[in-house]
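The exercises below concern one protein chain, and each is followed by a worked solution. Try each task with the model open before reading on.

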Amino acid sequence: DTNLDLKFAKSTDGGATWPAGNIKTVDATGSVGQWTSIHATDANTIFISYFDFTNGDLKIAKFGDNNGGTLPIPPWDNTTTVDSTDSVGSFTSVHAVDASTIFISYRADTNADLKFAKSTDGGATWPAGNIKIVDTADSQYTSIYAVDANTIFISYQDWAFNSGAVKFAKSTDGGATWPAGNIKDVDTVGDTGYYTSIYAIDANTIFISYHDGSNGNLKFAKSTDGGATWPTIVTVDTGGTAD
């Protein structure tokens with residue numbers, strides 16, 4: 001917040017230490033770096049999605065192996081605007097299937113839609129045809145996970161009438177379409193769905209963690225049929241408001 005920059009930190013001992021030399025400024029152009037998400041396909045190829053508050057844009061930064069795979073490189077290569085349609089890019093989440101195929105979920109702040117963007121050239125370009133509206137609900141707190149280049153899951157909060165619910169969206173064609181029949185309510189009890197995070201073992205077994213604002217609990221949801229139904233919803237921790 002002091003400089004309104006996007007920063008990056010690296011550990012090579014499992015997180016035990018984070019040397020000062022491995023903490024780098026990635027983007028310092030305006031007020032940038034809100035709502036960050038990071039994914040690495042290997043030790044050298046790293047992607048960060050984030051919100052450019054100054055311009056109201058969704059951006060992505062990439063570190064590749066064109067510098068011999070050594071950090072740092074000043075600046076990161078391929079710091080790119082993904083979507084600049086009105087104000088977009090808060091609540092971002094990024095997942096890369098490989099070094100070429102990258103997916104981002106995020107909120108369109110102007111109309112509160114859930115959006116999706118796809119790159120097939122390592123983040124160099126984000127064609128308009130690969131940017132989709134997934135859901136026109138009042139969507140926030142997105143999280144994305146891809147089992148492969150075709151099967152993509154998004155968890156998010158549907159914020160409506162001053163109350164939140166957990167929702168789930170699925171694409172089976174690489175994000176080209178997001179059928180209404182693949183958008184499901186996961187948990188609608190109380191004011192819930194904050195800070196969602198999604199992970200899948202395979203195309204059938206999917207997990208979502210999230211915060212229940214009604215009682216301050218950490219909750220967990222599980223599907224074993226590819227997100228068609230969510231019969232397992234469990235309270236994990238009743239520790240209060242810090243989940």
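**Conventions.** Thr-41, the subject of the first exercise, is found in the loop between β3 (32-40) and β4 (46-52); strands (E, at least two residues) and helices (H or I, at least four) are DSSP runs, numbered from the N terminus. The model is predicted, so local features need pLDDT of at least 70 and side-chain atom pairs count only at pLDDT 80 or more, while totals for chains, interfaces and linings use all residues. Residues are numbered from 1 along each chain as its sequence is written, and side-chain values use heavy atoms, with hydrogens and water left out.

**Exercise 1.** Classify Thr-41 as buried, partly exposed or exposed, and list what Thr-41 touches beyond four places in sequence.

Solution. 
- Step 1: apply the accessibility classes, in which buried means under 20% relative accessible area, exposed means over 50%, and partly exposed lies in between (1.4 Å probe, protein chains only).
- Step 2: Thr-41 has a relative accessible area of 28%, so this residue is partly exposed.
- Step 3: contact means heavy atoms within 4.5 Å. Leaving out residues up to four places away, Thr-41 touches Phe-47, Ala-96, Asp-98 and Ala-99.
- Step 4: for Ala-99, 58 residues from Thr-41 along the chain, the C-alpha separation is 6.2 Å.

**Exercise 2.** Describe the protein chain as a whole: how many helices and strands does the chain have, and with what radius of gyration?

Solution. 
- Step 1: count the secondary structure. The protein chain has 18 strands and zero helices.
- Step 2: compare the radius of gyration, taken over C-alpha atoms, with the globule rule of 2.2 Å times the number of residues to the power 0.38. A compact globule of 243 residues would come out near 18 Å, and the chain has 18 Å, so the two agree.
- Step 3: Along the principal axes, the C-alpha atoms fill a box of roughly 50 × 40 × 35 Å.
- Step 4: Of the 243 residues, 48% are buried. Among contacts with a separation of 6 or more, 39% join residues 24 or more positions apart.
- Step 5: the accessible surface, from the Shrake-Rupley method with a 1.4 Å probe, comes to about 10,800 Å², and carbon and sulfur atoms hold 49% of that.

**Exercise 3.** Which residues have the most contacts inside the largest nonpolar core, and which strand gives the most to this core?

Solution. 
- Step 1: a nonpolar core is a set of buried Ala, Val, Leu, Ile, Met, Phe, Trp, Tyr and Cys residues joined through side-chain atoms within 4.5 Å.
- Step 2: the largest such core has 14 residues, and those with the most contacts inside it are Ile-60, Val-82, Ile-102, Ile-104, Tyr-106, Ala-117 and Trp-126.
- Step 3: at least two core residues come from each of β5 (57-63), β7 (88-96) and β8 (102-108). The greatest contribution is that of β8, with four residues.
- Step 4: in soluble globular proteins, nonpolar side chains tend to be buried together.
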